Amino acid sequence: MDSVLFQGLIGLSMAMYLWLISAGLTIIFGVLRIVNFAHGSLYMVGAYLAFTFYGLLGWPFWLAIVLSLLGTGLLGFVMERGFLRRIYGIDEAYQLLLTFGFILILDDLVKIVWGGVFKIPQIPAFLDGAWSVFGRPFPVYNTFIIGIGVLVAVGLWALFEKTWWGRTVRATASDREMANAIGVNVPRVFSGVFVFGSMLAALGGALGTPVRVVAPGIGATMIIQAFIITVIGGLGNLKGAFVSSLIVGILSAYGTLFFPVFELFFIFVIMAVVLLVRPQGLFAR
Amino acid sequence: MGVRPSRRLAVFLAALVAALFLFPLVARSYSLYLAMQILILSVFSLGFNLLFGYAGLLSFGQAGFFAVGAYGCAKILLAVPNLFLGLVGGIVAAGIVAFLLGILCVRHTRIYFSMLTLAFGMMIFSIALKWRDFTGGDDGLVGIPRAPLEIPGLLTIGVANLEQYYYVVLVVSLLSVLGMYRLVHSPLGLTLQAIRDSESRAEFAGVPVRNYRLVAFTIAGLYAGVAGALLAPLENTITPPIAHWSASAEPVMATLLGGIHVFGGPIVGAFLFFMIKDIIVRFTQYWLIWLGAIVVILVMGFRGGVLSILVERLMPWRPTRPMVTRRKA
């Protein structure tokens with residue numbers, strides 16, 4: 001029994017990475033109505049940047065994360081302002097294709113700059129170690145990740161429900177023409193949201209630096225996970241994304257423990273069933 | 001109505017086909033291999049474009065059907081050494097799987113359709129990866145023989161060497177191209193375009209929209225199966241990555257490169273895809289970054305693809321469809 005609960009806790013910390021990456025994807029889809037295939041690659045870039053500052057240059061962990069967010073945010077800004085903005089008016093298939101082009105470019109760019117897989121750096125001293133949970137050592141770092149994930153969830157809720165910017169964004173999401181008419185600078189909101197979403201992906205990648213291996217091509221893996229989650233939670237539904245991150249994270253922790261052979265298959269079955277039966281997502285109002 | 005090819009075009013096409021038949025006389029085995037890759041991707045992309053260009057549905061799961069064709073053909077060849085059975089078996093398997101999954105997929109359009117095809121394609125990928133006893137897991141199926149093509153009571157051809165196999169690929173590909181040409185210029189092809197342009201108008205005109213989409217989906221899967229079945233004996237080995245969603249992007253890029261609203265677009269695109277790859281990898285191992293850049297440039301500025309530009313230049317009287325399809329409200 002204890003081992004079951006313990007595995008759940010491991011799954012919970014995995015779920016938080018999934019949550020960070022799918023939160024950004026969800027927000028971007030909710031407002032811009034764009035499915036960003038390159039979102040997983042932004043996660044990858046965030047991880048590589050954090051690795052550079054923290055692992056290679058030995059700068060403080062926090063500073064490395066902040067710089068990685070800024071760098072990835074800048075990349076997101078260029079993607080939105082320079083490219084996506086010009087094709088909002090046409091068939092969404094082309095937006096998918098454009099962001100797919102970004103995946104190819106970013107994957108190779110990472111290989112050229114960093115030359116492939118990096119060596120995992122040490123966990124920062126103040127987050128190292130483990131405490132005993134259910135009689136087993138549970139890493140402090142996983143606890144920290146769970147804390148950050150919950151913090152981001154609460155922060156996003158407060159941001160969208162309680163602040164002026166959040167209200168503006170929600171207004172734009174529900175009716176961009178009306179928002180425009182009442183004086184919202186819609187293009188600026190779009191850029192802001194895209195940059196913000198990019199930074200959330202980068203946060204997931206950056207936080208994983210001391211514990212998760214990142215290699216070129218991880219973007220394609222992460223984006224599929226994020227797609228599964230956003231589909232189950234409902235495209236554009238932030239609360240749904242949080243709950244389904246927990247479900248997928250914890251289920252796959254148990255899945256790898258109990259049915260390693262079918263885990264991958266069943267996750268896609270769930271995705272397809274949700275799309276067919278409740279395309280608006282399991283948690284739509 | 002479909003425009004009949006002009007005389008000049010007909011001469012060009014006849015010369016091209018003749019050149020393709022004579023190619024093994026001058027080509028080295030690497031060029032032959034490359035030519036087969038191009039033909040296979042052409043067939044794959046033609047099927048994809050029936051869905052995308054003609055029916056307006058962007059599938060990200062075509063690699064799944066490609067893999068069904070490839071694994072089906074490989075399994076049969078490993079059991080019964082007859083290429084004819086292998087090809088037919090692989091193609092039929094892909095068609096059946098596409099039909100069954102199609103029933104579910106055509107319930108959606110646009111982004112939901114893309115997501116659904118992605119999910120089904122990845123299911124096939126995970127079967128290929130995890131069902132070790134049947135598919136060989138991540139080692140794949142190895143030692144697939146290029147067994148003789150044997151139609152009982154009709155003919156038996158050995159295809160063991162590359163030149164012989166080239167003719168199999170060539171003939172099957174040409175038949176597929178011909179079939180697709182007839183298809184898109186038939187009432188079926190025109191109806192699909194009508195549905196793409198306005199679903200509700202087609203529905204009001206009494207067109208059973210879903211059934212037509214299902215037919216297109218099945219045929220696209222069938223073509224993916226043809227391509228996959230042809231690949232297995234060529235490579236002698238097949239592994240799960242051919243079913244992965246990123247492999248589904250290959251016909252997408254080839255089609256985009258050549259042009260989605262001209263019949264020959266996917267074929268020209270498949271040719272360009274491998275030529276670009278072949279040239280770039282001579283200079284650098286990082287060819288995907290260039291491919292990515294080309295995709296971005298095409299999407300930003302040349303959504304008609306290379307062939308549409310050519311057609312507009314060479315045949316100004318032939319109207320190509322305006323490329324901007326507006327997003328439906």
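Helix axes here are lines fitted to C-alpha atoms over the stretch in contact, and the angles between their N-to-C directions run from 0 to 180 degrees. Helices themselves are DSSP runs (H or I, at least four residues), numbered from the N terminus. This is a predicted model, with local features needing pLDDT of at least 70, side-chain atom pairs counting only at pLDDT 80 or more, and totals for chains, interfaces and linings using all residues. Residues are numbered from 1 along each chain as its sequence is written, while chains are lettered from A and ligands numbered from 1 in the order in which they are written.

Start with helix H10(B), which pairs up with H3(B). The axes of H3(B), residues 62-79, and H10(B) come within 7 Å and cross at roughly 45°. That angle makes H3(B) oblique to H10(B); angles under 35 degrees count as roughly parallel, over 145 as roughly antiparallel, 65 to 115 as roughly perpendicular, and the rest as oblique. The crossing of H3(B) past H10(B) is right-handed, meaning that the near helix is turned clockwise from the far one by less than a right angle, with anticlockwise giving a left-handed crossing. On the H3(B) side, the residues that meet H10(B) include Phe65(B), Phe66(B), Gly69(B), Cys73(B) and Leu77(B). Among their partners in H10(B) are Ala220(B), Gly221(B), Ala224(B), Gly228(B) and Pro233(B). Contact here requires C-beta atoms, placed from the backbone, to lie within 7 Å. The residues of this contact split into 16 nonpolar, 6 polar and no charged. For that tally, Ala, Val, Leu, Ile, Met, Phe, Trp, Tyr, Cys and Pro count as nonpolar, Asp, Glu, Lys and Arg as charged, and the others, Gly among them, as polar.

H10(B) also meets H8(B), residues 187-197, with axes that come within 10 Å and cross at roughly 120°. H8(B) and H10(B) are therefore oblique to each other, and their crossing is left-handed. Leu188(B), Thr191(B), Leu192(B) and Ile195(B) of H8(B) make the contact with Val209(B), Tyr212(B), Val215(B) and Ala216(B) of H10(B). The breakdown is 7 nonpolar, 1 polar and no charged.

What follows H10(B)? Asn236(B) sits in the loop between H10 (209-235) and H11 (245-258) of chain B. Asn236(B) has a positive phi of about 70° although it is not a glycine. Most residues other than glycine have a negative phi. Asn236(B) is partly exposed, with 14 other C-beta atoms within 10 Å; a residue is buried at 20 or more such atoms, exposed at 12 or fewer, and partly exposed in between. Leaving aside neighbours within four places in sequence, Asn236(B) touches Gly143(B) and Ile144(B). Arg110(B) lies in helix H5 (residues 110-130) of chain B and is partly exposed, with 15 other C-beta atoms within 10 Å.

Now for the two chains: 37 residues of chain B are in contact with 37 residues of chain A. On the chain B side, H5, H11 and H13 are the elements giving two or more residues. H5(B) supplies the largest share, 14 residues. By type, the chain B side holds 26 nonpolar, 6 polar and 5 charged residues.

H13(B), residues 288-301, has 14 residues and reaches 20 Å from its first C-alpha to its last, close to the 20 Å expected at 1.5 Å a residue. The buried residues of H13(B) include Leu288(B), Leu291(B), Ile294(B) and Val299(B).

Terms used
Expected span 1.5 Å × (residues − 1).
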